[in-house]
Protein chains: 4
Amino acid sequence: MISFMSDYTKGACPQILQKLIAINDEHMAGYSMDVYCASAKEKIQVACQKENADVFFLSGGTQTNQNVISALLDSYEGVICASSGHINVHEAGAIELTGHKVLSLPSHGGKLCAEETEKYLSDFHADENRDHAVYPGMVYISHPTEYGTLYTKKELSALYAVCRTYNIPLYIDGARLGYGLSADGTDLSLPEIADLCDAFYIGGTKVGALLGEAVVFPKGNAPKHFFTRIKQHGALLAKSWILGVQFDTLFTDDLYFKIARHAVLMANKMREGFFQKGYAFLVETTANQIFVVLENEKMKALQKEVAFELWEKVDENHSAVRFCTSWATKEEEVESLLALL
Amino acid sequence: MISFMSDYTKGACPQILQKLIAINDEHMAGYSMDVYCASAKEKIQVACQKENADVFFLSGGTQTNQNVISALLDSYEGVICASSGHINVHEAGAIELTGHKVLSLPSHGGKLCAEETEKYLSDFHADENRDHAVYPGMVYISHPTEYGTLYTKKELSALYAVCRTYNIPLYIDGARLGYGLSADGTDLSLPEIADLCDAFYIGGTKVGALLGEAVVFPKGNAPKHFFTRIKQHGALLAKSWILGVQFDTLFTDDLYFKIARHAVLMANKMREGFFQKGYAFLVETTANQIFVVLENEKMKALQKEVAFELWEKVDENHSAVRFCTSWATKEEEVESLLALL
Amino acid sequence: MISFMSDYTKGACPQILQKLIAINDEHMAGYSMDVYCASAKEKIQVACQKENADVFFLSGGTQTNQNVISALLDSYEGVICASSGHINVHEAGAIELTGHKVLSLPSHGGKLCAEETEKYLSDFHADENRDHAVYPGMVYISHPTEYGTLYTKKELSALYAVCRTYNIPLYIDGARLGYGLSADGTDLSLPEIADLCDAFYIGGTKVGALLGEAVVFPKGNAPKHFFTRIKQHGALLAKSWILGVQFDTLFTDDLYFKIARHAVLMANKMREGFFQKGYAFLVETTANQIFVVLENEKMKALQKEVAFELWEKVDENHSAVRFCTSWATKEEEVESLLALL
Amino acid sequence: MISFMSDYTKGACPQILQKLIAINDEHMAGYSMDVYCASAKEKIQVACQKENADVFFLSGGTQTNQNVISALLDSYEGVICASSGHINVHEAGAIELTGHKVLSLPSHGGKLCAEETEKYLSDFHADENRDHAVYPGMVYISHPTEYGTLYTKKELSALYAVCRTYNIPLYIDGARLGYGLSADGTDLSLPEIADLCDAFYIGGTKVGALLGEAVVFPKGNAPKHFFTRIKQHGALLAKSWILGVQFDTLFTDDLYFKIARHAVLMANKMREGFFQKGYAFLVETTANQIFVVLENEKMKALQKEVAFELWEKVDENHSAVRFCTSWATKEEEVESLLALL
């Protein structure tokens, strides 16, 4: 069966597997002290145009969010995010487990609004009783968001300016960052992402790797002893080089961007197909996720031949569903889907 | 350079890499809902002779210890372990991070003594002020231990009997379990391990896998919602099948035990070599770790040609060092080492 | 200056001080093992008509909420409450500090709606991805609420029925319970409160005591080793008898209810006064808190002679303010206030 | 029955009760914003000769240790203490609950040795694998210790010098500080205590107050937002002035030192009596705790007429027991005890 269920349903891009085989018989230093982690770090510094960036390799998105957020917050602080933010709804309370409140603000197609964030912070600090409340200690956004949408450079700059004003870090969850950077019309590049936040991660699991996320503190501003914090959270792999070698491969010859662009092209073709056939979209997107409104009957019929995710009920007779492309999507799969519409 | 630094310095055994390649283009269900996790679970149940065992796949040892221990303890309880236990000294406080005290008892070559454990528990419950202290809520041991030693069936049975008497679970850290089960003279099999504890894990990272540990609750006694707990700890991989497929491969045709036995044979050869040349051992071992006492001069000379770990100072002129074999050790590497003695 | 700022602005009712003096030279057992804690427990059991109730004495409301909620929840669970709930907004993240998410639902004048709670629980359990979310593990309400409102017997019964259906405990924050039970028109008595929940606390700090809250598990259902949990949270007083003796006094000859009724009568007089003079109320209340809408000019004038709390802005020219009566309010204070209107 | 069970078995010294009565009808600001907390803070600054000291008032010792230690440590750090330290054995895991390991070193009559502490720190930082271990982030001592012993100025200076060298704070648990400062032969004054540490608390619960401990950060070095941290830990009393007024009274006209000296004089008399009759002491003490070795028969006989604590078994026929004097001990009580020997 064809599947557009998610962007993590297949293994790794072939270059990665080849590299893993090629180095399989080398003795490696453990715990990220190996040459591949070092090389991947350098290549990511170059790609970000931040030669002093600190870079760490972790295994998955929730783990990364948990490690970064708990390290950036002081114990009496919480993290601001959109109500639809992954940390607020789909991480089983991983942030609260570390003792911090998630402070949710309205979601605008998955995005936080700079003005609303400013107002929240301004109201908080004007409140006489703020010392009895949770201090807003950082801002979390995802790019692309959980709704597949993208911040514009102007929006991200405005949000970062608010964070600078209140002296709190901005952190970007980039589980699908490659797809966002490769979308048509985006005006944000990787160096600009690195400029406009205090921490972010470059998603590997959903963009061609077997597993792995690269955390970047672009200004060399990693929290003190971040290595030990990772260990303490059970997030340090003995064979960390399997993360390093994957990112080293992805950041060689622009592989990361090439495979991400492929996914976007496949999504563009799919989007155009839905549009041509008159389908409505739940939200406008340009990266690798497409949210389409289907009649329930049509949805059930399609489900027999194609895997995709039911996103939410729209009304009694309609549902919004999500189709995801990935680095592994084949053009004929998209064509098969469109033929079924 | 030859390396006996550890058992995690090389990638994965070839069968695993081949399998990862073979399935790379299949669409998989995420989050351990795939066919390989299911198949691996079944094979492990069979190998343990525990058809109702609950089995979960995690990424590394510290993560596994943290998830299992925090799930087995109530909030006012701590975990008993030998003072040399991995959770007490080399996990950066991962257990305390979850709110629990590590209650250390004397280490006998890395092992806990059943009688001392019984006395600790008996004294605790006889103490009028115990309600102001940390309740001992479980026992943690490693097998093989951090000193490469093994419990006998009698020792493990005695310890488990103590745990049964006080109604607290016994948990075995099996990071190197394969090597322990394959050692000459051990009288413990995998089904017996499964009989004589309430939870244990079968180490993959150090025994042939790229990464991965299989947690087994042999009596079908997994803590409630253990899946969600794993997610909450940031320990759930989207592509969990890369763990499942590795254990599925390791538990096909006894691969796990074959590669472990190979490591033991290499260690036996090395042990015999050291013995023949009159070297003293820090501790007697039969599995894949060998602790040898070297003159400091000899140690420095060797370090130029062989990688191994400095374990501890013995006296001004002598040091104890560790040599580790693994599934990947080659006979000629052992011979080269012996030739240097 | 007259003050209606809160119900905790004066010390203790005279009977309590007298008792503290009377027993000051007795040797007491520490840590709540004394005769006064035992006697207070018995009297509370009688007042609740629950002879097997477990009763514990703590120092303050946030501490009590933190201890009870963290003991009732499993680690993967969160607590449902109204968005205006004290634990959600004014406890500095005390619940999240213990690792649990506060799951906020709409506030209706401070109250949770049984139907909305049922829908939330029902939707949660119908969600295929619930294992990636925070399990709703209990329900928290306050009675009176932070808006001074009261649940009716019908409303509380409906909410408790929902909790029973989903097998999760209902916990009532009774910081001002006495005032709620003494309000005109309430159809809930203390024994009914004890029937219709799994845990609640009887507020002392705001109802006549120097400090202290009595936690009641009405069905003898205290969490295992709750005493040790209290100690572990730093919430156990060496001289716990100073809490016991206060509740022993408050539950002798109905003192608790007599002083609470006095506060309600004072509030009734004040309410009637505001009503007669045509003031609007932010919310209708019957216990000891009154929320009045004032023109900003009027508010500023009043503030020169009376202390009260600014609650929230209503519009450019109006503010809602709170007046609180207490066991210590004097009738002439109310009259002085009314004379100023 | 006469009781020397502990120093917390009676209420408050009369001056405190009188003051509580005197102010009972004043309207007070809540949450430590009142005039008595402010006045007590000033008097403590004067008594410590530290005009910029930060001072906070908490309810009990375990709570104070938990709040101070968790605020002073970063998440990857633990606290060094003597194995007999209160936080290590009698606080039910309150420190671990906040995520931190207690790193225990040998106890010398309850005291930490500066040289051993230096060696521990030096070894830690020399260890190549320290990033996999818990960082020693502060040192905790009690003065007097749990064995009633006192640091000399030389010992405390040496320990503080070690902390300065490694740039970690030294914190002193002063649950019985008054008795220590009033002991014969001590060469440490309150200003010197304030000089020779980074944080300490002045115990009230055991030295004349109903409840309460005054935390002092002598160099104005309170952790950021310590007030909110206290609130978040459930440790902030609404009526905090009942703590403030007690310390205000204790630090007026040297009351704190006068009542402490009385307890020491009573202990001196008791010590002399035991000595005269030939009893052996478990440990030499000069403050308010006396540890005497009794034959078991004698102990049982005494227990019929006097309350005291069984401390530990010495051998088959002997036990060490503790007698505690306090601000409330009467001379005739001591005489009655001595008459029974």
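Trainee: Among contacts in chain A between residues at least 6 apart in sequence, what share join residues at least 24 apart?
Mentor: The share is 76%. Keep in mind that this is a predicted model.

Trainee: How many helices and strands are there in chain A?
Mentor: Chain A has 14 helices and 13 strands.

Trainee: And what is the radius of gyration of chain A?
Mentor: It is 20 Å for chain A, and a compact globule with 341 residues would be near 20 Å, so the two agree. The C-alpha trace of chain A spans about 60 × 55 × 35 Å along its principal axes.

Trainee: What percentage of the residues in chain A are buried?
Mentor: Of the 341 residues in chain A, 59% are buried. Buried here means 20 or more other C-beta atoms within 10 Å of the residue's own.

Trainee: Which residues sit on which side of β8(B)?
Mentor: Glu213(B), Val215(B) and Phe217(B) are on one side, with Ala214(B) and Val216(B) on the other. Both faces of β8(B) are covered. In general, side chains in a regular strand alternate between the two faces of the sheet.

Trainee: Which strand do 5 bridges join to β8(B)?
Mentor: That is β2 of chain B, residues 54–58, and the two run antiparallel. In that pairing Phe56(B) stands opposite Val215(B). Strand β7 of chain B, residues 199–203, is also antiparallel to β8(B), joined by 4 bridges. There, Ile202(B) has Ala214(B) as its bridge partner.

Trainee: On to the interfaces. How many residues of chain B are in contact with chain A?
Mentor: 39 residues of chain B are in contact with 39 residues of chain A. On the chain B side, the elements that give two or more residues are α1 (14–22), α3 (61–72), α5 (94–97) and α10. By class, that side has 17 nonpolar, 18 polar and 4 charged residues.

Trainee: What rotation superposes chain B on chain A?
Mentor: A rotation of 180°, with 0.0 Å of shift along the axis and an RMSD of 0.0 Å. The same surface serves both copies, as 100% of the contact residues of chain B recur in chain A.

Trainee: And how many residues of chain B are in contact with chain C?
Mentor: 13 residues of chain B are in contact with 13 residues of chain C. Helix α10 of chain B, residues 226–232, gives the most to the chain B side, with 5 residues. That side has 3 nonpolar, 5 polar and 5 charged residues.

Trainee: Last one, chain D. What is the strand order in the open sheet of 4 strands?
Mentor: The order is β9-β10-β13-β12 in chain D, with antiparallel pairing. Its edge strands are β9 (280–281) and β12 (309–313), each pairing on one side only. β9(D) pairs with β10(D), residues 289–295, over 2 bridges, and Phe281(D) stands opposite Val292(D).

Trainee: Which helices lie across β10 and β13 of chain D?
Mentor: One is α12 of chain D, residues 255–276, running at about 25° to β10(D). Another is α13 of chain D, residues 296–303, at about 120° to β10(D).

Key. Residues numbered from 1 in each chain as written. Chains lettered and ligands numbered in written order. Predicted model: local features only at pLDDT ≥ 70, side-chain atom pairs only at ≥ 80, totals over all residues. Pairing = 2+ DSSP bridges. Contact = placed C-beta atoms within 7 Å. Axes fitted to C-alpha atoms, helices over the stretch in contact; angles between N-to-C directions. Nonpolar A, V, L, I, M, F, W, Y, C, P; charged D, E, K, R; others polar. Rg over C-alpha atoms; globule rule 2.2 N^0.38 Å. Buried ≥ 20, exposed ≤ 12 C-beta atoms within 10 Å, placed from the backbone. Least-squares fit on C-alpha atoms with pLDDT ≥ 70 in both.
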